[in-house]
Amino acid sequence: MIDWVHTGPSIIAAFLASLVEFVEALTVVLAVGIVRGWRPALTGACLASGVLLALIVVFGPMLQAIPLNLVELVVGALLLLFGMRWLRKAILRSAGVIPLHDEEAVFESETRSLRQSGPVAVSGWDATAIAASFKIVMLEGIEVVFIVVAIGATSGSLVPPAIGAGIALVAVVLLGVVLHRPLAVIPENVLKFAVGVLLCAFGTFWTGEGIGIAWPGEDWSILALIAGFLVAAGSAVPICRTRLIIPSPAK
Amino acid sequence: MHTLTKILQELVSLFVDDGTLAATILIWVAFYGLLLQLLPIGSWQGPILFLGLAAILVENARRGARSRSG
């Protein structure tokens, strides 16, 4: 029987995190494809996807072979650091302290930079284009790999997070093929906020298990932790906004 | 060597953006783990871990906003 208390949030966390990362990667791959041609853009993206898939195949089972307590503590702590970093940034963006990520602006800037980086290779390999596409898919994809492997290792199965990441990949690729433009309408900061909350909840739960905490309600505690982090992060936004409004005292 | 350093830097930056946040989280988890060995906290073990982490997050975000607003 499927344990939905664990499986549901695992799929959702992997889906949302992957969606954000794939949207960011798509912006640059589209810029490469439009400016330098689709062959090098897709070659770079496919090469990076292959490397990332190999990382999941190698590290996924390797982590599952390590004693669960140790994995829970180490991976849980890493997940906590990762989630808190995302959530802190999302709070500061929601409060207007740091600017929101603008896919259209990134697309414009990438397009300009690719046009200035020498002539397009008519035949053979366009190393600049392949490298640009490869680099962005690797950079964004490595975060997806970490989330899938971490959630998979601690929950005992790579399948739920891999399903979440797979659905996100298909959705972004389909939207990219249909729209042929950056997915600027996706509310990235709201997604990042949600992912941060979910990863913090998972990280806290598994770190706690790793240091020997017996959670009340066992796996159901994850839902309480999600609610708790949502309230904490939600209350931090107006606090940070107030910090911006209050003028510094006259000297 | 340079590429390896760059890859390592990228990997570290996945987890550490603000050094103070990362250090405080690790110190709190380590301290609380030791405390659990010494004190019988009972069913409040989990909620206390969460409250500590939530306080760290809110305070760090508040400090981040203050430092950026000058």
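Helices (H or I, at least four residues) and strands (E, at least two) are DSSP runs, numbered from the N terminus. On that basis chain A has eight helices and zero strands, and along the sequence its pattern reads α-α-α-α-α-α-α-α.

The structure is a predicted model, in which local features need pLDDT of at least 70, side-chain atom pairs count only at pLDDT 80 or more, and totals for chains, interfaces and linings use all residues. Residues are numbered from 1 along each chain as its sequence is written, while chains are lettered from A and ligands numbered from 1 in the order in which they are written.

The model scores are ipTM 0.89 and pTM 0.82. For pLDDT, the predictor's confidence in each residue from 0 to 100, chain A averages 85, with 92% of the residues scoring at least 70. Chain B has a mean pLDDT of 86, and 89% of its residues reach 70 or more. Among the elements of chain A, the lowest mean pLDDT, 84, belongs to helix H4 (residues 103-116), and the highest, 91, to H7(A). Where pLDDT is low, the predicted coordinates should not be read in detail.

In overall dimensions, the C-alpha atoms of chain A fill a box of roughly 65 × 60 × 30 Å, taken along the principal axes. The radius of gyration is taken over C-alpha atoms, and the globule rule is 2.2 Å times the number of residues to the power 0.38. For 251 residues a compact globule would have a radius of gyration near 18 Å, and the 20 Å of chain A agrees with this.

The helix packing can be described through axes, which are lines fitted to C-alpha atoms, for helices over the stretch in contact, with angles from 0 to 180 degrees between N-to-C directions. Angles under 35 degrees count as roughly parallel, over 145 as roughly antiparallel, 65 to 115 as roughly perpendicular and the rest as oblique.

The axes of H3(A) and H7(A) come within 6 Å and cross at roughly 150°; H3(A) and H7(A) are therefore roughly antiparallel to each other. Their contact has 17 nonpolar, ten polar and five charged residues, where Ala, Val, Leu, Ile, Met, Phe, Trp, Tyr, Cys and Pro count as nonpolar, Asp, Glu, Lys and Arg as charged, and the others, Gly among them, as polar.

For helix H2 (residues 38-64) of chain A and H5(A), the axes come within 8 Å and cross at roughly 25°, so H2(A) and H5(A) are roughly parallel to each other. This contact has 23 nonpolar, eight polar and no charged residues.

H5(A) also packs with helix H6 (residues 159-179) of chain A: their axes come within 7 Å and cross at roughly 155°, and H5(A) and H6(A) are therefore roughly antiparallel to each other. Residues in contact (C-beta atoms, placed from the backbone, within 7 Å) include A:Val144 and A:Ile147 of H5(A) and A:Pro160 and A:Pro161 of H6(A). By class, the H5(A) contact with H6(A) has eight nonpolar, two polar and no charged residues.

Between the chains, the contact takes 39 residues from chain A and 32 residues from chain B. On the side of chain A that touches chain B, the elements giving two or more residues are helix H3 (68-94), helix H5 (127-155), helix H7 (188-210) and helix H8 (221-245) of chain A. The residues of that side divide into 26 nonpolar, eight polar and five charged.

Methods: Two residues are in contact if their C-beta atoms, placed from the backbone, lie within 7 Å.
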